[in-house]
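Subject: Structure for your files

Hello,

Please read the notes with the structure open beside them.

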Amino acid sequence: MHYRYLLFLLLLAANSYADDGYRLWLKYDLINDAPQRETYSRSAQFIALTSNTPTLKAAADELQTGLQGLLGKPVPVIANAGNRTGGIILTIRKAQALAKDGYQLSREKGNLVIGGKTDAGVLYGAFALLRQLQTLQPLETLPRTSNPKIQYRLLNHWDNPNGSVERGYAGESLWKWYELPERLDPRYRDYARANASLGINGTVVNNVNASARFLTREYLDKVAALATVFRPYGIRVYLSVYFPAPKVIGGLKTADPLDPEVRKWWADKTKEIYGLIPDFGGYLVKANSEGEPGPQDYNRTHADGANMLAEALKPYDGIVMWRAFVYKADPKADRFKAALEEFGDLDGKFDPKVIVQVKNGPIDFQPREPFSPLFGAMTKTPLSIEFQITQEYMGFATHLVYEAPLFKECLESDTYAKGSPPGAATVAKVVDGSLNNHALSAIAGVANTGSDRNWTGHPMAQANWYAFGRLAWDHTLTSEAIATEWVNMTLTHEPKAVKQITGLMMRSREIYVDYNTPLGLSRPWTGVHFAPEPWQNKSSRPDWTAIYYHRVDSIGLGFDRTATGSNALAQYTPKVRQVWDNADQCPLPYLLWFHHVPWTKKLSTGRTLWDELCTRFYTGADSVSWMQQQWAGVKPAIDPELFANVAGRLATQRKEAIWWRDAWVLYLQPFARQPIPAPFKKPDRSLEDVKRLVDIYQLR
Ligand code: GCV
């Protein structure tokens, strides 16, 4: 048998294996489109490396594996193209149009050239070419230049030394601390490949609720071993630090950031780290937040703490990411305002190596939040945005929620900072540094990865990792374009199925909001954060109850943040305030974030608040059936194992959506004192039944 035919059969057989999701979007299965395969094959007869650096070799390896799978033919890697044509050349170039990490794909003298200003740029270009082929785009779309809009594109892992992951729903930590540094799990490389394919260039490997252990020599050796695997893929490692480490592991009497001995301890520790990890990225810090110690314990400011670490990093190419997620246990305060109250006066007082890392919203990764007021207010400090990819408040790994629309909604929000005209001061422009001319720019996503074979638990949650990475590179991409890409690369090329799945993904977040927290409700409290528990009214501090957030009473629902209430709206620029200030004009998705609205108030939909809430809870829960139907309709186009996995999770989602709807309506109805409007039917269980269900879930 001719070897090509044999290879073809082998590939076909390989493609028909059940898909366990391990390969993520880097599937590289043979493409069915013969003419497309032919065109690409003609341009991919060899891969020529112009130098042999580990990153260029990684790029060549990836291309070789990818092209072999996609085109069904071996592609040799050669040292020098000489006069040959019809191949792919990987090369460093100094083109004006290229920024650091940017890439250029072009056709030159009969070859396909992947050029980058840096090795990492070439690697990103190689992945871009593979993506082009995986999404069946013709080669004719070249030349193309692409530069990242944000410099530091990071995943934050909330992983602990004991292997658990805070707010992780996909198994245990990816990092096998007990095996490191001696054994390097092959999965570390696949993790690096997946991130590099998106342009993610940094990873904070441990939880922001940090253990001091990560700064001991024993653990630094483990982290250094991970760094050796990530390095060729352009990924730098960072560490979350425990602020009192100089006391806990250094034997000092204090961790006061202005104490010379403490400063020396950090300088020495940083030197030790760079001795082991020469490209170490820097520190991430959660301080004086949710019980974590920090500089305020010594009557110092966040700037004092951050600048001390910046000083330690001065001799090296590292940065400090100092989180602004702070709020005190003050019964009279509004948690919404806490971050700006603590950080506002520090604007301009941070060392140039410090980026203040701000969660997208003012509270805590709710299914919908207004953008954090810091983005419009702190113009003298580079601000990184922190999104949560893991679905802490979005149904863990059971509910299908495509998050790109949430990310985009925030990035496209207009801060109107510095009196800018509409569209000139979006959150994205604050974050990418262009609005305030900052040299540093960063974006972070709290990872949803774990030891589950498919990385993310819910197979569709891979799309959220993917979308975060793609937007970190280019925040102007649309959610729909990203979803279409991901579906093509991960699930199917069948055009009707691609459209149907993309449509399902695009509606999923809004559906979730409808049965979970419609009209601007929010539901944080202390605990597992799975189901809404609006009745939760006891905790060690008031802002760790549910009633603190929704403020239900017999008059209405929602948190008055106008001048008659907490006046949190005053933290925004006047133009933003104008949009949200008036209950009659406030867009409905944000209504209860800013207003305490009477039950009987007529909304712009023509319904009263109570009727509108019920409509959203019920149609939201019903829409999960629509999601199930959409998914059922694509069955012939999807791998059976993957299809069944998602179908099973959707069935659970449907059950839980009804349960969550019931929790809210049964709890709120005695306050609203109104019937559930037709055509909806009163839940056939009691509030007590629902509470029992929640108690069972808390046990897990
Ligand atoms: C890592 C929320 C989460 C915590 C998390 C915290 C943070 O409160 O529930 O698990 O802690 O945010 O972002 O620091």
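Which residues of H5 are buried? They are Arg 187, Tyr 188, Asp 190, Tyr 191, Ala 192, Arg 193, Ala 194, Asn 195, Ala 196, Ser 197 and Leu 198. Buried here means under 20% relative accessible area, with exposed over 50% and partly exposed in between, using a 1.4 Å probe and protein chains only.

A note on the source: this is a predicted model, in which local features need pLDDT of at least 70 and side-chain atom pairs count only at pLDDT 80 or more, while totals for chains, interfaces and linings use all residues. Residues are numbered from 1 along each chain as its sequence is written, and side-chain values use heavy atoms, with hydrogens and water left out.

Helix H5

H5 covers residues 186-198, and 11 of its 13 residues are buried. Helices (H or I, at least four residues) and strands (E, at least two) are DSSP runs, numbered from the N terminus. The cover over the buried residues of H5 includes helices H3 (54-71), H4 (119-134), H6 (217-230) and H14, along with strands E7 (152-156) and E8 (202-204). At the N-terminal end, Asp 185 caps H5, with a side-chain oxygen 2.8 Å from the backbone nitrogen of Arg 187. After H5 comes Gly 199, with a positive phi near 95 degrees.

Aromatic pairs

Rings of Phe, Tyr and Trp (its six-membered ring) pair if their centres lie within 6.5 Å; planes under 30 degrees apart count as stacked, over 60 as edge-to-face and the rest as tilted. This rule gives 47 aromatic pairs. In one of them, Tyr 191 and Trp 465, the ring centres are 6.4 Å apart and the planes stand at 35 degrees, so the pair is tilted. Tyr 191 belongs to H5 and Trp 465 to H14 (residues 462-473), so the pair ties together parts that are 274 residues apart in sequence. Tyr 191 is buried at a relative accessible area of 0%, and for Trp 465 the value is 0%. Ring pairs also join Tyr 191 and Trp 465 into a cluster with other residues, among them Tyr 22, Trp 25, Trp 175 and Tyr 188.

Helix H10 (residues 335-343) has 8 of its 9 residues buried, so it is largely enclosed by the rest of the structure. Its buried residues include Arg 335, Phe 336 and Phe 343. Among the elements that cover them are helix H9 (302-313), strand E11 (319-323) and strand E12 (354-359).

Pro 362 sits in the loop between E12 and H11 and counts as buried at 12% relative accessibility. Apart from its neighbours within four places in sequence, Pro 362 is in contact (heavy atoms within 4.5 Å) with residues including Arg 335, Phe 336 and Tyr 572.

The ligand

Of the 14 residues around the ligand (a heavy atom within 4 Å), Glu 166, Lys 286, Arg 323, Lys 359 and Glu 392 come nearest. By class, the shell has 3 nonpolar, 3 polar and 8 charged residues. Oxygen atoms of the ligand lie 2.6 Å from a side-chain N or O atom of Lys 286, 3.2 Å from one of Asn 209 and 2.8 Å from a polar side-chain atom of Glu 290. Taken alone the ligand exposes 340 Å², and the protein buries 97% of that.

Regards

Definitions and conventions
A polar contact is a pair of N or O atoms within 3.5 Å; within protein, one must be able to donate a hydrogen and the other to accept it, and residues adjacent in sequence count only if both atoms are side-chain atoms. Accessible areas come from the Shrake-Rupley method with a 1.4 Å probe; for residues, only the protein chains shown count as cover. Ala, Val, Leu, Ile, Met, Phe, Trp, Tyr, Cys and Pro count as nonpolar, Asp, Glu, Lys and Arg as charged, and the others, Gly among them, as polar.
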